[in-house]
Protein chains: 2
Amino acid sequence: MTYCCGILVRDGLVMFADTRTNAGVDNIASYRKLHVIEKPGERVLACATSGNLSMTQMAMTLAEQGMVLPGDVEPTTFANAPTMFRAAELAGHAMAQARRNIAPSLEADDLTADGNMLFGGQIRGGPAALYFIYSQGNFIACGPDTPYLQIGEFKFGKPILERALHSNTPLDEAVKLGFLSVDSTLRSNVAVGFPLDTLVLRRDVLTGIQRRIEATDAYFNDLASRWSAALAAGVQALPAPAWLDPANANVATPPAGRDARA
Amino acid sequence: MTYCCGILVRDGLVMFADTRTNAGVDNIASYRKLHVIEKPGERVLACATSGNLSMTQMAMTLAEQGMVLPGDVEPTTFANAPTMFRAAELAGHAMAQARRNIAPSLEADDLTADGNMLFGGQIRGGPAALYFIYSQGNFIACGPDTPYLQIGEFKFGKPILERALHSNTPLDEAVKLGFLSVDSTLRSNVAVGFPLDTLVLRRDVLTGIQRRIEATDAYFNDLASRWSAALAAGVQALPAPAWLDPANANVATPPAGRDARA
């Protein structure tokens, strides 16, 4: 399993990927799943991958070597793609080709050749962008209505993003929300594990900040424990339902919803 | 899909079940999935079910009619089971029997006969208890290390319970946490839906408080919107990582984790 998350807000892009791979709970290992291609001041591109590791590693290699895209003569690479959209096409072609390469032998053994990729970044002259790239090579773009994308074990880490992240959330808040989303996942799925790779890209600053977070990372652990304390205090501060008080047990909840529509 | 959750804390028991059933996104309906059997002052038992509705409804009917458990001559019912453990055995037998009844014809059409049940309550003279009952009829008991059980679409609603719920959490806090867990699930899975059925059982008060929460419920909606605001404020109050400041980009995070172990 894996958990990768990309957040695209007004101020920039943040990407997270864990490093755990597993073939059963008794066979785990660490592999980098966040790949960053950077020409400081000109472009920063990042791929975070989930699924069959042999397929996604092959896709990364194919894309980095360059592929001739339909209608072209010269190969496109991450280093020469003129736009994020074109670079996403390259990433999609690489995923689809890697899948075609390995699927027949895997399927013969009832194994599946599946993987997904989050592809984000910015190329000088264009906007920052984030895409969800499927095994088949097609992709969708992240937009302001839901300013994040997730792959792998996404459910545990979704509620906090769903409640608290907006496209105008400041970049440092987005980094904290992303870490808390990852922390929620790490707590519930042992197939997601440290170290955690992070890329922060401030919009139009075409140089990324990369960080590897180990299990002993002081900032991450402090953040997670402050957050648990803040949640407990926050729940305490919320009112309890009036009908919980035995004195009110037979008092109906006022139909405020209906009033509100009246 | 379904989301049901049971919480067993020092002060009592809370159970939640949504009411949505679906056969595809274009065919949804509401069915009660929280069944309460109560003799006020003597026993309160509750079953929350997920999975194949025809199977779990049949299991409920079989258990309510009574079944002769292995080694017995007289039938056990929810009304006469002497202990929670015996009542859980009845619920398990009913699940296994319902499954045997319907599995052959379902499996012939490549359908599965699967369902789970949360079974909780208290019978005078014994402790409050909560069990996870499997399709096969076996079951596990909820304990203080993880004072909650979930069935159905459990992942979205797990992080808040995992962080903030403990076996000594007061009962009214447990109710709020349960509602927030359900709210997180409702926001992310359209196969989980209102109305929501709730049972609150204060330990040794052998009369339950039952409540049906509609989508327009004023308390529930207020709780959810206060919570989103509290989360956003809570994240703002957390420190951002020092390495996000461009001035510190090359300063290593102090290895506090290692120091802490030293």
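Colleague: Which strands does helix α1 of chain A lie across?

Modeller: This is a predicted model, to be clear. Helix α1 (residues 53-65) of chain A lies across β5, β6 and β7 of chain A. Its direction is at about 155° to β6(A).

Colleague: And helix α2, what does that touch?

Modeller: Helix α2 (residues 84-108) of chain A packs on the sheet and touches β6, β7, β8 and β9 of chain A. Its direction makes about 160° with that of β7(A).

Colleague: What's the strand order in that sheet?

Modeller: β5-β6-β7-β8-β9 in chain A. The sheet is open, and the pairing is antiparallel.

Colleague: Which strands stand at the edges?

Modeller: β5 (34-39) and β9 (139-141) of chain A. Each has a single partner strand, so one side of each lacks a neighbour in the sheet. Neighbouring strands are turned by 15° against each other on average, direction ignored.

Colleague: How many bridges join β5(A) to β6?

Modeller: 6 bridges, with β5(A) and β6 (residues 43-51) of chain A running antiparallel. In that pairing, Glu38(A) stands opposite Val44(A) in β6(A).

Colleague: What about the β1 and β2 pairing?

Modeller: β1 (residues 3-9) and β2 (residues 12-17) of chain A run antiparallel, joined by 6 bridges. Cys4(A) stands opposite Ala17(A) in β2(A).

Colleague: Now the two chains. What rotation superposes chain A on chain B?

Modeller: 180°, with 0.0 Å of shift along the axis and an RMSD of 0.0 Å. That is the relation of a two-fold axis. Also, 100% of the interface residues of chain A are interface residues in chain B too, so the copies meet through the same surface.

Colleague: How many cavities of 30 Å³ or more?

Modeller: The count is 1. The largest cavity holds about 180 Å³ of space.

Colleague: What lines the largest cavity?

Modeller: 16 residues; Pro159(A), Ile160(A), Leu231(A), Pro159(B) and Ile160(B) lie nearest its centre. The elements giving two or more residues to the lining are α3 (158-164) and α5 (218-237) of chain A, plus α3 (158-164) and α5 (218-237) of chain B. By class, the lining has 10 nonpolar, 4 polar and 2 charged residues.

How values were computed:
Residues numbered from 1 in each chain as written. Chains lettered and ligands numbered in written order. Predicted model: local features only at pLDDT ≥ 70, side-chain atom pairs only at ≥ 80, totals over all residues. Heavy atoms only, no water. 1 Å grid on protein atoms, 1.4 Å probe; cavity = no way out; pocket = protein on both sides within 12 Å on 5 of 7 lines; lining within 4 Å. Points joined across faces, edges and corners; volume = space filled by probe spheres on them. Helix = DSSP H or I, 4+ residues; strand = E, 2+ residues; numbered from the N terminus. Nonpolar A, V, L, I, M, F, W, Y, C, P; charged D, E, K, R; others polar. Pairing = 2+ DSSP bridges. Least-squares fit on C-alpha atoms with pLDDT ≥ 70 in both. Contact = heavy atoms within 4.5 Å. Axes fitted to C-alpha atoms, helices over the stretch in contact; angles between N-to-C directions.
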